[in-house]
Amino acid sequence: MKAIVFTEYGTPDVLKIKEVAKPTPKENEILVKVHATPVNYGDLTARNFANSQFNMPALLFLPARMAFGWNKPKINILGSELAGEVESVGKDVTKFKAGDQVFAYLGMNMGANAEYICLPESGTVALKPSNLSCEEASTLPYGAIMATSLLAKANLQRGQKVLINGASGGIGSMAVQLAKHFGAEVTGVCGTPRLEFVKSLGADKVIDYTKEDFTQNGETYDLIFDILGRSSFAKLKRSLKPNGIYLLASFKMKALLQMLWTSLTGSKQKVICAFANETAENLVFVKKLVEEGKVKAIVDKSFPMEQAAAAHRYVETGHKRGNVVITL
Ligand SMILES: NC(=O)c1ccc[n+]([C@@H]2O[C@H](COP(=O)([O-])OP(=O)(O)OC[C@H]3O[C@@H](n4cnc5c(N)ncnc54)[C@H](OP(=O)(O)O)[C@@H]3O)[C@@H](O)[C@H]2O)c1
């Protein structure tokens with residue numbers, strides 16, 4: 001089978017199409033023919049770990065670099081999410097059968113940039129929404145898992161005011177839609193070319209970060225969800241309501257200490273730094289919303305696997321609209 005393989009860290013040019021062995025499913029695994037696999041933040045980091053911006057506490061850099069591979073990547077096939085069709089199943093598999101259309105999240109195990117992949121049936125995999133193509137469905141797992149599980153940490157209530165900083169990207173575009181679904185009043189922050197897009201996702205208000213600093217406009221929010229961690233608690237305290245939460249998807253040591261401090265001192269305003277929980281339940285939850293027409297999948301651009309490097313270059317600009325997909 002064909003796969004997009006990389007054997008050294010570097011620019012998108014390290015991605016090469018190669019013939020590799022087609023995997024065979026174990027007793028508890030399903031063999032999936034991959035039709036589509038997006039390029040997300042994790043792919044860029046894993047492809048060029050040595051030179052990527054490390055958006056987590058410095059303490060984690062060493063173990064993360066060891067896990068990824070010090071000089072050379074340990075994982076040679078990227079792709080942390082996919083949609084495709086089950087081709088065959090191991091003898092102990094009960095949840096899926098050949099012909100099922102599925103979507104899945106592989107996290108840092110990766111491997112979806114290949115024509116076939118084996119997944120444990122107990123993994124983060126579910127039947128894909130019936131009303132979407134594989135290309136569309138493949139864009140859901142990353143945003144669904146990150147936005148669903150991180151928003152859950154803030155216990156969002158109907159009628160609350162939420163600001164999403166980074167509303168036009170992979171996580172933000174799903175977070176805007178979910179926060180609206182939960183009944184919140186949503187303000188999305190993004191760059192000028194994507195203001196209309198974020199409005200189309202249901203945001204009640206949009207703020208262009210190149211023209212306005214949301215911490216200076218006198219508005220206050222119950223929740224500020226900062227996807228890239230570009231703001232700071234000190235700066236946005238006055239933009240939080242007295243019981244407001246500052247939720248970060250990307251965070252450094254300082255934000256972790258602020259989380260500890262606001263928790264130990266009983267401060268009413270809280271900082272929450274969290275990693276997402278990767279569960280199939282999050283996929284099933286979003287599948288239902290998509291099938292009910294409450295949430296949509298966003299494909300900015302698609303590239304055939306031969307143009308994987310071009311897909312990475314486009315994502316590297318940092319200004320995609322939702323998601324970018326490689327089709328196989
Ligand atoms: N906690 C976890 O478990 C977890 C898991 C995975 C990833 N992450 C984090 O998620 C982040 C990636 O999120 P993503 O995939 O949604 O990224 P993305 O698709 O690249 O989206 C980035 C968003 O940030 C906006 N942005 C860019 N520059 C900005 C600025 N200067 N000020 C405010 N907003 C700005 C972009 O707006 P425009 O394009 O409109 O300019 C866009 O809306 C990474 O930093 C990673 O650490 C966390």
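Aspartate 208 sits in strand 10, which runs over residues 205–208. The model described here is predicted. Aspartate 208 counts as buried because its relative accessibility is 8%, and the cut-off for buried is under 20%. Its side chain reaches the side chain of threonine 192 in a polar contact of 2.6 Å. Threonine 192 is also one of the residues in contact with aspartate 208 when neighbours within four places in sequence are left aside; the others are Cys190, Gly191 and Leu195.

Aspartate 208 has a charged partner as well. Its side chain meets that of lysine 211 in a salt bridge, with N and O 3.7 Å apart.

### The ligand and its surroundings

Which residues are closest to the ligand? They are Tyr142, Arg194, Tyr209, Ser250 and Lys320, out of 27 residues that surround the ligand. By residue type, this shell divides into 14 nonpolar, 10 polar and three charged residues. Two helices, helix 4 (140–153) and helix 5 (170–181), each contribute at least two residues to the shell.

Glycine 191, listed above as a contact of aspartate 208, also approaches the ligand: one of its backbone N or O atoms is 2.8 Å from a ligand oxygen atom. At alanine 249, a polar backbone atom is 2.9 Å from a nitrogen atom of the ligand. Lysine 320 uses its side chain instead, with a polar atom 2.6 Å from an oxygen atom of the ligand. On its own the ligand has 960 Å² of accessible area, and the protein covers 89% of that.

### Salt bridges

Side chains of opposite charge can pair when their charged atoms come close. The model has 15 salt bridges in total.

| Pair | N to O distance |
|---|---|
| Lysine 22 and glutamate 87 | 2.9 Å |
| Lysine 97 and aspartate 100 | 2.9 Å |
| Lysine 211 and aspartate 208 | 3.7 Å |

Lysine 22 is partly exposed, at a relative accessible area of 40%. Glutamate 87 is likewise partly exposed, at 35%.

Are aspartate 100 and lysine 97 buried or exposed? Aspartate 100 counts as buried because its relative accessibility is 11%, while lysine 97 counts as exposed at 53%. Elsewhere in the chain, salt bridges join Lys288, Glu292 and Lys294 into a network.

### Loop residues

Threonine 94 is in the loop between strand 4 and strand 5 (101–105). With a relative accessibility of 69%, threonine 94 counts as exposed. Between the C-alpha atoms of threonine 94 and methionine 146 there is a separation of 28 Å, and the two residues are 52 residues apart along the chain.

Methionine 110 is placed in the loop between strand 5 and strand 6 (116–120). Its phi is near 55 degrees, a positive value in a residue that is not glycine. Methionine 110 counts as buried because its relative accessibility is 5%.

Asparagine 155 also has a positive phi without being a glycine, here about 50 degrees. The loop that holds asparagine 155 runs between helix 4 and strand 8 (161–165). Asparagine 155 is exposed, with a relative accessible area of 53%.

Terms used
Residues numbered from 1 in each chain as written. Predicted model: local features only at pLDDT ≥ 70, side-chain atom pairs only at ≥ 80, totals over all residues. Heavy atoms only, no water. Helix = DSSP H or I, 4+ residues; strand = E, 2+ residues; numbered from the N terminus. Buried < 20%, exposed > 50% of the residue type's maximum accessible area, 1.4 Å probe, protein only. Polar contact = N/O pair within 3.5 Å; in protein donor to acceptor, adjacent residues only side chain to side chain. Contact = heavy atoms within 4.5 Å. Near = heavy atom within 4 Å. Areas by Shrake-Rupley, 256 points an atom, 1.4 Å probe, with all protein chains shown as cover. Nonpolar A, V, L, I, M, F, W, Y, C, P; charged D, E, K, R; others polar. Salt bridge = Lys/Arg side-chain N within 4 Å of Asp/Glu carboxyl O.
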